Amino acid sequence: MDLSKYNLKRNFNSTNEPKGEIKKSKNELIFVVQKHAASHLHYDFRLEMNGVLKSWAIPKGPSMNPGEKRLAIMVENHPYSYKDFEGTIPEGNYGAGNVIVWDNGTYTLADEQKTESVETKFKSGLQNGHLSFILNGKKLKGEFALVRLKIKQKNAWLLIKKEDEFASETDILNANKSVISNLTLEEIGKSFSQ
């Protein structure tokens, strides 16, 4: 679980993104979803594991509807401290654009077996191309799965909501404000440009 790709892609003299350092939660594992208006609007879905945030870019954003499978492209690990990052990544930098923390909370792996550590089960799920987990966020709740597509592009996955009491056909993306600052992407851009 390394951060070298993250660090190589960034010039910390010109972006206020956090430097890549390994850190962990004291108790429960966290997840975060950042809405990111880079060259294309997308949502960055991140799961904490072994001191980093494993990350997937979701072009259409997450859905609470089990019938809507969302493409999720696995990207470089991000540092744990990225969980609170909001603001504007300046032009000329990788991922330039506005970022808000669209959702955050804790997660557990679904069907956790006591014989395996969470880290072992997570690593096995990544290798096998299937991770099941339960989110306890402010917006996203219930069981989800990340399933790797069997195509040449090995970093292509699907994020799928499982059928449970939290499943809904309501478009969760209409809740478009940050769970930290209560600002939209446009508002965060204005506040950082002043």
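The largest nonpolar core holds 25 residues, of which Phe45, Leu47, Phe133 and Leu146 touch the most other members. A nonpolar core is here a set of buried Ala, Val, Leu, Ile, Met, Phe, Trp, Tyr and Cys residues joined through side-chain atoms within 4.5 Å; buried means under 20% relative accessible area with a 1.4 Å probe, protein chains only. At least two residues of this core come from each of strand 1 (30-37), strand 2 (41-49), strand 3 (52-58), strand 6 (97-109), helix 2 (118-128), strand 7 (130-137), strand 8 (141-148) and strand 9 (156-161). Strand 2 gives the most, with 4 residues. Apart from this core lies another, of 10 residues, including Ile30, Tyr80, Tyr82 and Ile89. In soluble globular proteins, nonpolar side chains tend to be buried together.

The model is predicted: local features need pLDDT of at least 70 and side-chain atom pairs count only at pLDDT 80 or more, whereas totals for chains, interfaces and linings use all residues. Residues are numbered from 1 along each chain as its sequence is written, and side-chain values use heavy atoms, with hydrogens and water left out.

Two residues illustrate the packing. Contact denotes heavy atoms within 4.5 Å, and neighbours within four places in sequence are left aside for leucine 47 and for threonine 106.

| Residue | Contacts |
|---|---|
| Leucine 47 | Ile30, Phe31, Val52, Leu53, Lys54, Trp56, Tyr107, Phe122, Phe133, Leu135, Leu146 |
| Threonine 106 | Glu28, Leu29, Ile30, Phe31, Ile134, Leu135, Asn136 |

Threonine 106 belongs to strand 6. Its C-alpha atom is separated by 20 Å from that of valine 147, 41 residues apart along the chain.

The chain comprises 3 helices and 9 strands, where helices (H or I, at least four residues) and strands (E, at least two) are DSSP runs numbered from the N terminus. Their order from the N terminus is α-β-β-β-β-β-β-α-β-β-β-α.

The radius of gyration, taken over C-alpha atoms, is compared with a globule rule of 2.2 Å times the number of residues to the power 0.38. For 194 residues a compact globule would have a value near 16 Å, and the chain agrees, with 16 Å. The C-alpha trace spans about 50 × 40 × 35 Å along its principal axes. Buried residues account for 47% of the 194 residues. Of the contacts with a separation of 6 or more, 60% involve residues 24 or more positions apart.

Notes:
Buried means under 20% relative accessible area, exposed over 50%, partly exposed in between (1.4 Å probe, protein chains only).
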